[in-house]
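Dear colleague,

Here is the structure I said I would pass on. My notes on its aromatic rings follow below.

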Amino acid sequence: MICEDLLLSFGAEYKSYEDGERIFSENDIPNFHYFIIEGKVKLNNYIESGKEFIHAILTENCSIAESYLFSDKRYSINAYTISKVKLLRTPKGNFIDFFK
């Protein structure tokens, strides 16, 4: 688990979302690390027939798709809230510096 105070010291900011809001979509460029403080987030995409495929439901103390920050790839998934959500959002460069 990542400490909130440590993320804040690396430039993270709190961000709140309502139920059903988009955090990011397929093909977006990963510019932030997202860490869930409260609530639930669904990672999904849609197959050719239009049916939804759910990859994961994430809850408190989980990072969202952080592996994308360490590559040059765009997101291949969507992240939507399925409750009210409070998270910490850290700029990609700051998050990479965190590991150095």
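**Aromatic rings**

Tyr34 is buried, at a relative accessible area of 6%; buried means under 20% relative accessible area, exposed over 50%, and partly exposed in between (1.4 Å probe, protein chains only). The model is predicted, so local features need pLDDT of at least 70 and side-chain atom pairs count only at pLDDT 80 or more, while totals for chains, interfaces and linings use all residues. Residues are numbered from 1 along each chain as its sequence is written, and side-chain values use heavy atoms, with hydrogens and water left out.

Rings of Phe, Tyr and Trp (its six-membered ring) are taken as a pair if their centres lie within 6.5 Å; planes under 30 degrees apart count as stacked, over 60 as edge-to-face and the rest as tilted. That rule gives seven aromatic pairs. One of them joins Phe32 and Tyr34: the pair is tilted, with 6.2 Å centre to centre and 50 degrees between the planes. Phe32 is partly exposed, with a relative accessible area of 24%.

Phe95 and Phe98 are stacked, because their ring centres are 5.7 Å apart and their planes are at 15 degrees. Phe95 is buried, with a relative accessible area of 0%.

Ring pairs also link Phe24, Phe32, Tyr34, Tyr68 and Tyr75 into a cluster.

A charge sits over a ring if NZ of Lys or CZ of Arg is within 6 Å of the ring centre and within 35 degrees of the ring normal. The charged end of Arg89 sits over the ring of Phe32, 4.0 Å from its centre, and that of Lys15 over the ring of Tyr17, at 5.4 Å from its centre.

Regards
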